[in-house]
Amino acid sequence: MTKTHYDIAVIGGGPGGYVAGIRAAQLGLNAVVIEREHLGGICLNWGCIPTKALLRAAELRHSIDEMQAFGISVGDVTIDLPAMVKRSRKVAARLSAGVTHLLKKNKVPVIEATATIGKPLKNGREVHLSDGTVISASHVIIATGARARSLPGIEPDGKSILTYREAMVPQDMPKSLIIVGSGAIGAEFASFYNDLGVEVTLVEALDRILPVEDSDISAFVAKAFEKRGMNILTNVKLQSVTAGSDSVLAKLDGDHPDLQAERMILAVGIIGNVESLGLDGTAVKIDRGHIVTDGFGATAEPGIYAIGDVTGPPWLAHKASHEGILCVEKIAGGKDLHAIADGAVPGCTYCRPQVASIGLTEAAATKAGHSIKTGNFPFAGNGKAIALGDDAGFVKTIFDATTGELLGAHMVGPEVTELIQGFAIARSLEATEAELMATIFPHPTLSEAMHESVLDAYDRAIHF
Amino acid sequence: MSVNVTMPALSPTMTEGTVAKWLIAVGETVHSGDVIAEIETDKATMEVESIEDGVVAHILVEAGSENVAVGTVIAILAEAGEAVDTISATPVTAAADEAPETPAETPAEMPALVKETTAVAQKSMAETSKRIFATPLARRIAANKGIALDGLTGSGPHGRILRRDVEAAPAAPAVQITPASANAMASSAATGASELVANSQMRQVIASRLQQSKQQAPHFYVTVDCQIDTLLAARRALNEKAPDGVKISLNDLVIRAAAMALMAVPDANVAYEDTHTRRFQHADICMAVAIDGGLVTPVIWAAETMGLAALSQTTADLASRARQGQLRAAEYTGGSFTISNLGMFGVREFAAVINPPQGAILAVGAGEQRPVVVDGALTVATVMTVTLSADHRAIDGAVAAQWLQSFKGFVENPVTMLL
């Protein structure tokens, strides 16, 4: 059999890989996507999407508690957990099938296999597939993603000590749960399980939960979580964890009392899938579990690129997709391409209350030497939020006092994950406070709080 | 009810003007059609007529005030029967009209806001007539640092200038008329006796346009000598037969020859416009006229269609009105080609800067008697040296040479251009 040659071989069919494949096809390049399991990757199958389906269920469950205030009486509420999980899986399956269709439509072949990068050729590299065939490609893009990191001495067993993967397909609800790590994944599971009546303890090694967010956001969410009955421990590290058949015992550092719960979820970050890729003997550099690349995905080895989670944080699907597009366009000889700028990737956390942010936190902006103006507008001053019965939260904006640049925007509250794109566009178009102020935001919408926050930064807020 | 008199837009491109002189005073009655002020724009001074009847209640912008944005209220008239002293000096807005009880109080923040935004707006509009695509943040940073955006190359979508492009630009010495830089200029020149004269709008426009021309249009120069004895003889003969009041000048004949040459070599009648080259259908010839404090280039539209008598009358009228500052904006805007003639000053030859966005300019020297060699023998002829400056982006050397050859042909055999 003659070896098939491609312009681009993408290893991994997640949001970085499949998008890279489609973009390559759009540019007239002959690309192939190699996927070992499910198209759509973790995001679509075991991450963003199925968790959103679960969180929606939890949100609906929560809303029942508020029906009375709206004049609606509801009878007995029961939770059918298997049905809830089944729906989540169905959503994931539907989207994965959608990706299959998209690649087919763009005439990008998909090979179901694992891949190892082989020897350099005159026109690229060999790529060895797990079914024994060998293909070749002028450019190889590694988009293999990442997996849950474990802590030394604490091995997830999938029964008592879970990772996100088991946590999103529970067969029954534990009575109590310890969640280690309070980033987006930890906070979302905390919110989900708490809404379904589980006693949640959230443990964070740093001094606040959601540690990458602005400290005002962290404080607000911590307070909201505690109000919901969660136990939050910050500045705490695990000393040891003992897993029994139906219980987990965690010993903490310092003089914190031991924690006991039915289960534990480890959400302490992820590490890149860099093994078995055939990178030994190449110039590709790996730093603490992630492949080192330039702003366009190029590694130190010519012809080998990497995008998405495997290249390091922020571990976000939209970052991976954007990197995939940039990488392919660069390979295709695109002009005027720009690497992702610092702070250009918005982040969303779908706990209750939702959190969304872009750019610098206030602390980071000050540390970077900016003289800043900050605006803050509470949803309590927003008519739509009050009508929705969901007026907890605020919009914080940070401007450079000299240039009017929107350095950062941080939001917590109703549907802020849908709102953050407004600030992302503003930053991408390099708008200043003047354009944001001059923009008419529709009434009555939650987005008015964004406008008011901008106005507030210049002491011009109308409704607060 | 009072009436606002605003800074009028006297030409399509006018963004600001100077109130050169008020012809009315507070308390005077004016009628619709009365001339109330003289407004100086970048190239001309024009009279402004009142469009309302009334009594002058307030003059808000003093004579001599520069860079007054179009639309700014410059005076307020009281309507007939209205007591002048009841009129607020604050311009009346439509909203206030409907609610006359509203006190004319302005928020404390407003003056600063108005000052800030108009300064930015005027600056960006005055920078150049060509639209520059730049993000708001890039504009703000450029303004803060005094970097001119028109010298930058944008790396954003469709060449849009981004923040990073401005930040990568060398921090050019800002040409800002701020008190600080004015002091700096004064001290740097303090070694000799000198005085600082504020640049007129015309001076600033000349400076920016010609700088833009030299920076953007790669100039090259082609020179040729024309023997004009036959032309001078033809001019004498024509003027003897010409109707009263018509006196055809040598310059008229040069314009005629240039118009004919532009028709004969249309490749020289062009302008480079980034993705396209504009090819003009007519010889729309601008003639540079020196006026007090600068120069202006009125246009002779479709000069090739004009007979010499009509051409002569047109040039005489344009030049005369240009010197009096009475040209309308439309009369000095546009054109496909420019002629600059310094012959009357005894200049033998010179090279001119192209009048952007045109593709070429002809510099005409004096006709003077010079020794020439004809058929191996030394003789004397009246010779005029002309130099064509051409924009190499649109006009190549051979085209420029062909054009000069054609021009020289018309000038030396004037019968051919009188057809």
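A: Residues 24 or more positions apart account for 62% of the contacts in chain B with a separation of 6 or more, where two residues are in contact if their C-beta atoms, placed from the backbone, lie within 7 Å. This is a predicted model, in which local features need pLDDT of at least 70 and side-chain atom pairs count only at pLDDT 80 or more, while totals for chains, interfaces and linings use all residues. Residues are numbered from 1 along each chain as its sequence is written, and chains are lettered from A and ligands numbered from 1 in the order in which they are written.

The secondary structure of chain B consists of ten helices and 18 strands; helices (H or I, at least four residues) and strands (E, at least two) are DSSP runs, numbered from the N terminus. Of the 419 residues in chain B, 33% are buried. A residue is termed buried if 20 or more other C-beta atoms lie within 10 Å of its own, exposed if 12 or fewer, and partly exposed in between, with the C-beta atoms placed from the backbone.

Chain B has an average pLDDT of 81, and 82% of its residues score at least 70. Over residues 93-128 of chain B, however, the pLDDT is below 50, and this stretch has 22 contacts in the model beyond near neighbours in sequence. Residues 172-190 of chain B also stay under 50, and for them the model has twelve contacts beyond four places in sequence. Where pLDDT is low, the predicted coordinates should not be read in detail. The model as a whole scores ipTM 0.78 and pTM 0.61.

Chain B meets chain A through a contact that takes ten residues from chain B and eleven residues from chain A. On the side of chain B, helix α3 (residues 136-145) gives the most, with six residues. The residues of this side divide into five nonpolar, three polar and two charged; Ala, Val, Leu, Ile, Met, Phe, Trp, Tyr, Cys and Pro count as nonpolar, Asp, Glu, Lys and Arg as charged, and the others, Gly among them, as polar.

Buried residues make up 48% of its 464 residues. Among contacts in chain A between residues at least 6 apart in sequence, 65% join residues at least 24 apart.

Technical notes
pLDDT = per-residue confidence, 0-100.
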